[in-house]
Amino acid sequence: MTLYIGREASKLWKRICAETTTEINLFLDNWKYVLAGLIFQYIHGLAAHGVHYLHRPGPTLQDLGYFLLPELGQDKAYISETVFSFVFLSFVLWTLHPFVFKGKKIYTVLVWCRVLAFLAASQFLRIITFYSTQLPGPNYHCREGSKLARLPKPANVLEVLLINFPQGVVYGCGDLIFSSHMIFTLVFVLTYQKYGTRRCIKQFAWLFAIIQSLLIVASRKHYTVDVVVAWYTVNLVVFFIDKKLPELPDRSNGNSPISLPLSTKDKDSKTKEENHKLLNGNSVDPADWA
């Protein structure tokens with residue numbers, strides 16, 4: 001028994017080492033895109049913090065979702081955040097599964113390049129919407145009488161740039177007409193829908209996305225229009241950007257990794273190069289050597 005466990009542990013360690021080498025090489029080829037995506041996450045947070053200075057509390061707008069869904073109350077707002085955290089962590093763990101499991105279809109770095117591109121494009125549109133029109137926030141801390149509903153004029157630029165993390169993110173106001181949580185949720189679900197392998201998990205992922213939508217409205221964190229706009233906009237963004245990016249190599253076929261992003265012309269030349277390598281038997285996944 002001890003010998004079997006030791007043998008399996010040795011195989012797992014070799015698999016992790018081989019996968020780490022592969023992913024490091026991919027990261028060195030694509031670090032600019034990963035860095036750009038992460039920087040835009042900060043820009044998105046900065047924009048959401050900046051619009052809070054423009055927010056002016058007022059009467060909550062008439063909303064069909066508020067009539068149809070019972071209000072959870074301020075003490076149950078954690079339910080929506082719990083569901084979102086579960087979806088977020090589950091997706092992150094899934095993108096890391098090639099380091100551990102033998103059967104794998106994706107490369108972690110390449111998937112995150114794609115995900116960050118989807119997020120950045122969706123968040124760019126979101127920034128445009130909430131700076132175009134400021135609405136009175138429906139969340140409890142954004143209503144008239146709350147100390148957090150209005151931000152005092154910043155004493156210096158540094159106060160704005162630091163975003164007052166994490167309070168400035170959790171208690172933001174004014175970044176409406178587009179739900180940030182739904183952007184992340186839908187991007188993750190759509191990505192797993194395309195690259196995931198478990199049909200039951202795909203079905204559960206869509207179910208959680210629907211539940212998340214209802215909880216956001218029931219928690220009065222956003223108006224119903226914020227969720228509706230996110231549903232069709234994120235799907236359109238993912239559809240069009242995914243068509244512009246090259247297809248990820250399918251590891252089950254033994255294809256070699258490629259860099260992102262590429263134009264259509266580059267994509268065709270890369271495809272020819274991959275076919276040439278396959279014909280000459282030069283394309284082998286280093287993780288499979290283990």
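Leaving aside neighbours within four places in sequence, His222 is in contact (heavy atoms within 4.5 Å) with Tyr66, Arg126, Pro138, Asp175, Leu176, Phe178, Ser179, Ser180, Ile216 and Val217. The structure is a predicted model, in which local features need pLDDT of at least 70 and side-chain atom pairs count only at pLDDT 80 or more, while totals for chains, interfaces and linings use all residues. Residues are numbered from 1 along each chain as its sequence is written, and side-chain values use heavy atoms, with hydrogens and water left out.

**His222 and its loop**
- His222 is found in the loop between helix H8 (199-218) and helix H9 (224-244), where helices are DSSP runs of H or I with at least four residues, numbered from the N terminus.
- With a relative accessible area of 11%, His222 is buried, a term that stands for under 20% relative accessible area with a 1.4 Å probe and protein chains only.
- The side chains of His222 and Asp226 make a polar contact at 2.9 Å, that is, a pair of N or O atoms within 3.5 Å of which, within protein, one must be able to donate a hydrogen and the other to accept it, residues adjacent in sequence counting only if both atoms are side-chain atoms.

**Helix H9**
- H9 has 21 residues and reaches 31 Å from its first C-alpha to its last, close to the 30 Å expected at 1.5 Å a residue, the expected span being 1.5 Å times one less than the number of residues.
- Asp226, the contact partner of His222, is among the buried residues of H9, which also include Val227, Ala230, Thr233 and Asp242.
- What covers the buried residues of H9 includes helix H4 (108-132), H7 and H8.

**The second largest pocket**
- The second largest pocket is lined by 23 residues, of which Ser90, Trp94, Tyr192, Arg198 and Ile201 lie nearest its centre; a pocket is an open set of points on a 1 Å grid, where a 1.4 Å probe fits, with protein on both sides within 12 Å along at least five of seven lines, and lining residues have an atom within 4 Å of a point.
- Helix H3 (78-95), helix H7 (180-195) and H8 each supply at least two residues of this lining, and the largest share, six residues, comes from H3.

**Gln41 in helix H1**
- Gln41 lies in helix H1 (residues 2-52) and, not counting residues up to four places away in sequence, touches Leu116, Leu119, Gln123 and Phe184.
- The side chains of Gln41 and Gln123 are joined by a polar contact of 2.9 Å.

Note on methods. Buried < 20%, exposed > 50% of the residue type's maximum accessible area, 1.4 Å probe, protein only.
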